[in-house]
Amino acid sequence: MSEAVEAVNFAFELGWKLRGLETALACGAWRRGGMELSVRVQSDEGGGAWTAVGDDGDRREARTAATADEATSLVQEAFGLTAWRPKPPPPPGWHRFTLIHCPVGESPSYERIEARPPQGCVVEYVGGYFGLRCERPGARLLDAVAETCREVRTEHGLLMSDLGIEKLWEWSQDGTDGWGAEIVGQLLLMAAERGPKLGYEVDDLVRFLRTAAG
């Protein structure tokens, strides 16, 4: 069983035991309406399926599906909640990413790009900053990101400088199209924006990379 599933099971058991303590203290009135939904997920031994059991303090619902995420979603829907489901992966040669404009000392207008965002992108503000959630073609992730940034820069004069990565010091060696590539892309975009403000040209940054990397 994965660490994530074990953590969910532990949290569920802890909540159940705490509620038992509440039962003893409340002279047997153990059900309390309005509790937040707790969901326990467990794999079916040898069957390749997952069963999720939800309890909100008033009733229980169990659902079985091929994945833990789907079983959890079915339980959430059984309680009248809007379930979250991950999107299917994009087609081969396409990439999903989020571009954010975090200007340094600027207050640009976004009216034009809001009215006509790049094809395959939708406008969404992220943490108060203008952003684009995109699904675009490209040989690799950074190719798709670079072409989108070029289009935004050419048509709207904005240099997108953020890929939504919060912990740049973390790392994942998951290939040219994964999270690790997004981290590299964000570092490069930040350098492309901030270097010229210090007097470095793009050619200077390219030369630095070639020299430092050997």
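C121 is buried, with a relative accessible area of 7%, where buried denotes under 20% relative accessible area, exposed over 50%, and partly exposed in between (1.4 Å probe, protein chains only). The model is predicted, so that local features need pLDDT of at least 70 and side-chain atom pairs count only at pLDDT 80 or more, while totals for chains, interfaces and linings use all residues. Residues are numbered from 1 along each chain as its sequence is written, and side-chain values use heavy atoms, with hydrogens and water left out.

C121 forms a disulfide with C134, the two sulfur atoms lying 2.1 Å apart; a disulfide is here a pair of cysteine sulfur atoms within 2.5 Å. The torsion about the S-S bond of C121 and C134 is about 110°, and the disulfide is therefore right-handed. This pair links distant parts of the chain, 13 residues apart, with C121 in strand β5 (residues 121-123) and C134 in strand β6 (residues 130-137). Helices (H or I, at least four residues) and strands (E, at least two) are DSSP runs numbered from the N terminus. C134 is likewise buried, at 4% relative accessibility. One disulfide is found in a search of the whole structure. C149 takes part in no disulfide, and the nearest cysteine sulfur, that of C134, is 8.6 Å away. C149 is buried at 7% relative accessibility.

At the helical end of the description, L142 is found in helix α4 (residues 141-156). With a relative accessibility of 31%, L142 counts as partly exposed.
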